[in-house]
Amino acid sequence: FLLVLKQSTPSASASCAPTSASLISAFELKGSLRKVGAESDLKLLLGPLRMASKVTDSTVEIDPKSTVGGGVEDVYGEDTATEDQLVTPWTYSVASGYSLLRDPQYNKGLAFTEKERDAHYLRGLLPPATASQQLQERKLMNTIRQYQVPLQKYMALTELQERNERLFYKLLIDNVEELLPIVYTPTVGEACQKFGSIFRRPQGLYISLKEKGKVLEVLKNWPERTVQVIVVTDGERILGLGDLGCQGMGIPVGKLALYTALGGVRPSACLPVTIDVGTNNEQLLEDEFYIGLRQKRTRGKEYEDLLQEFMSAVKQNYGEKVIVQFEDFANHNAFELLSRYRTSHLVFNDDIQGTASVVLAGVVAALKLIGGSMSEHRFLFLGAGEAGTGIAELIALEISKKTKVPVEETRKKIWLVDSKGLIVSSRKDSLQHFKQPWAHEHEPVKDLLDAVKAIKPTVLIGSSGVGRTFTKEVIEAVSSFNEKPLILALSNPTSQSECTAEEAYTYSEGRAIFASGSPFDPVEYNGKVFIPGQSNNAYIFPGFGLGLVISGAIRVHDDMLLAASEALAGLVSEENFAQGLIYPPLSNIRKISAQIAANVAAKAYDLGVATRLPRPENLLKYAESCMYSPIYRNYR
C-alpha cells in the first residue's frame with residue numbers, strides 16, 4: 001500500500017518538506033481500505049506516523065528517531081520557523097485512531113465496541129467503559145435540561161453537532177418538541193444576534209464580495225460533492241430582528257438541521273451558505289466581535305452580479321436538481337430572486353412559499369372548527385411583506401382551484417394592512433409591485449382596528465414582525481362578529497408575535513382558534529385548558545424538500561405547495577380538533593414529512609417535472625425508505 005500526503009499550499013520556506021505530493025513507501029499498513037457510506041471516499045486505517053527528516057526526491061522515509069528532548073523530530077520545520085516564515089499544512093485522511101474520534105460523521109464516543117476499539121486503534125484513547133447510544137442520549141438530555149438559559153442549550157447542541165453528528169440528530173428526532181425551539185425559533189434569533197461572540201467553528205460556506213469572480217472555486221472548497229439542498233441567506237431580514245449581516249448564518253445552519261432531523265435528508269447532502277455583502281446595522285459594524293465584512297450593505301448591479309454568479313456556480317457544480325432555498329432576504333430582493341430564478345433553477349423561498357403552505361394547511365384544517373368553505377370567509381392580514389403576500393396568494397389560488405373562479409376574483413376576499421393602513425386602489429400607484437394585486441376598492445383606512453371594523457374578517461393573520469399589534473381592542477372587535485374567530489399570530493421570534501396565546505384566549509373569552517409562529521405554553525381560562533397550535537414552517541419545508549429530492553424534480557410549481565398543504569391539513573385528527581388544534585403534534589413530524597414528501601413527489605410526476613424514473617409504485621413507502629437514520633452504524 002502507498003500513502004499519499006497531500007500538500008495544501010506550496011511553500012518556499014519549508015525547506016525540508018517535499019515540493020509536491022510525496023509517497024511513503026515500504027510501509028506496512030496494519031489497517032485496510034474501506035468505503036465510507038454511500039460515497040467513494042476511501043480512507044486509510046492506520047496508526048500514528050512518525051516521520052524523520054530524511055527526504056529523498058520522491059519519498060519520506062519512516063524512522064522512529066526522536067529528538068534529544070524526547071519528542072518527535074520537527075520534520076517540516078513548523079516549530080523552528082519564525083513567525084514570518086511559511087509552513088506547509090500537510091494533511092492526510094485517516095479513518096482510525098485519534099482522527100476518527102474527531103470526525104463528527106463517524107465518531108460514536110463511548111459507544112465504540114471492544115472489537116471496534118481494537119480494529120481502529122482506539123485503545124487508550126477512550127475510557128474503558130462502553131455506553132449505548134440510548135444511554136448517551138439520556139445523559140446529554142439530562143445535561144441540557146440543567147441549563148436555564150436557552151442560548152446555553154443552543155451552544156451545547158451546536159457543540160454536539162460538531163462532535164457527534166448521529167447523536168445530535170438522534171436527540172433532535174426523539175425530543176423534537178422540546179428541542180425545536182432551541183435549534184430554531186425563537187432561540188436561533190438570539191444566537192444570530194450574538195453569533196460573533198459564540199462563534200467557534202465555521203459551518204457552511206461564507207461567500208462575500210471578496211470572492212466575487214471566484215464563487216465556483218469557493219463551492220469546490222466544500223468537501224461534499226453530492227449536495228442536494230442549499231439554504232442561502234444574505235442576512236438582511238433575519239426573522240423579525242432586521243439586518244444581522246454575516247451573522248445570519250445561524251438561519252441556514254438551523255434550517256438544514258431540520259431538513260435532516262425532520263425531513264430525513266442526509267447531513268452530507270446539506271449546504272448552508274451566507275452571502276455577505278455588508279450590513280447596515282451600525283451596532284454590528286462597531287462590534288469588535290463581528291465576523292462579517294465591515295461595510296455598508298452593497299446593492300444594485302454589484303449585488304445582482306454576485307447572486308447571478310452564485311446561482312450559475314451552484315448549477316455548474318451540483319447540477320440541475322439541487323434545491324436552492326432562499327431564506328430571510330429582504331422583501332425587495334426576495335420576490336425578485338424568486339421571480340428571476342424559478343424558471344431556470346430549482347428554487348424555493350420558505351418565507352414566501354413555505355409560510356404560505358403551512359398557513360393554508362392551518363386554515364383548511366380550521367374550517368372543521370369554524371365552519372363554512374374557504375370562499376365564504378374574509379381574510380385580513382397585518383403585514384404585506386413576503387410572508388403576508390405569499391400566504392394571501394396561496395389562499396387565493398386554493399379558493400380559485402376549489403370554486404373554478406379566476407384568481408383575480410378570489411383575491412378580493414383577502415385584504416392586507418401595511419404600515420400606511422389598508423391597501424386600497426387609491427394607493428395603487430405608490431405601492432410596491434407585490435402589493436398591487438391586493439389593492440381593492442375601498443375608502444382609505446389608517447389603522448388595523450378601523451380595518452377590522454370595516455372589513456369584518458373571519459380570519460385575522462399577523463405577519464408584520466411587530467409585537468403586540470393584535471391589541472385587546474382588535475381581538476375584541478374581531479370576536480364581536482365571529483363565534484369562533486381564527487387568529488394566527490405568525491411573526492417570529494416570540495417577542496415579535498402579534499399577540500400571546502393568553503391574550504388571544506382571554507380577549508376572545510375563550511372562543512378564538514389560535515396558532516402562532518413561535519411556541520406558547522398552554523393557557524387556562526375559566527377553568528378550561530387551551531393548547532395553542534404552532535404554525536411552524538418546520539411542518540412543511542423538510543417534507544417538501546424531501547419530495548423534491550426523491551422525485552428528482554427540476555422546478556417548483558404552485559400546485560406542489562397546494563399538495564403539501566392538503567397533506568398536512570389531512571393529518572389533523574379528531575383528537576387534535578377536540579383540543580382546538582389545527583395542526584398535528586410535532587412529535588409525529590417524521591411521519592408527517594414522509595406524507596408531505598409523497599404528495600409533493602406525486603404532484604411533480606403529474607406535472608412532468610420529475611426526472612427520477614420509473615415512478616415508485618408506493619411513494620409513501622419510498623419516501624420513508626429514503627429518510628436518514630441517526631442510529632449508529634457498526635464498523636468493520
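Q: Which residues does the UniProt annotation "binding site" cover?
A: The unreviewed UniProt entry covers Arg-237, Asn-492 and Asn-536. Such annotations may be inferred rather than shown by experiment. The lining of the second largest pocket takes in Arg-237, Asn-492 and Asn-536. The model is a predicted one, where local features need pLDDT of at least 70, side-chain atom pairs count only at pLDDT 80 or more, and totals for chains, interfaces and linings use all residues. Residues are numbered from 1 along each chain as its sequence is written, and side-chain values use heavy atoms, with hydrogens and water left out.

Q: What makes a space a pocket, and what makes it a cavity?
A: Both are sets of points on a 1 Å grid over the protein atoms alone. In a cavity, a 1.4 Å probe fits but cannot get out. A pocket is open, with protein on both sides within 12 Å along at least five of seven lines. Lining residues have an atom within 4 Å of a point.

Q: What is the volume of the second largest pocket?
A: About 740 Å³. That is the space filled by probe spheres set on the points, which are joined across faces, edges and corners.

Q: Why is the second largest pocket said to lie between domain 2 and domain 3?
A: Domain 2 (186-345) and domain 3 (353-538) both give residues to its lining, so the pocket lies between them. The domain bounds come from an automatic or database domain assignment.

Q: What makes the link between Asn-492 and Ser-518 a polar contact?
A: A polar contact is a pair of N or O atoms within 3.5 Å; within protein, one must be able to donate a hydrogen and the other to accept it, and residues adjacent in sequence count only if both atoms are side-chain atoms. The side chains of Asn-492 and Ser-518 are joined at 2.5 Å, so the pair meets the cut-off of 3.5 Å.

Q: Which residues does UniProt list for "active site"?
A: Tyr-184 and Lys-255, from an unreviewed entry. They spread over 72 residues of sequence, yet cluster in space: the largest C-alpha distance is 7.3 Å. The lining of the second largest pocket takes in Tyr-184 and Lys-255.

Q: How many cavities of 30 Å³ or more does a search of the whole structure find?
A: Two. The largest cavity has a volume of about 80 Å³. The second largest cavity holds about 30 Å³.
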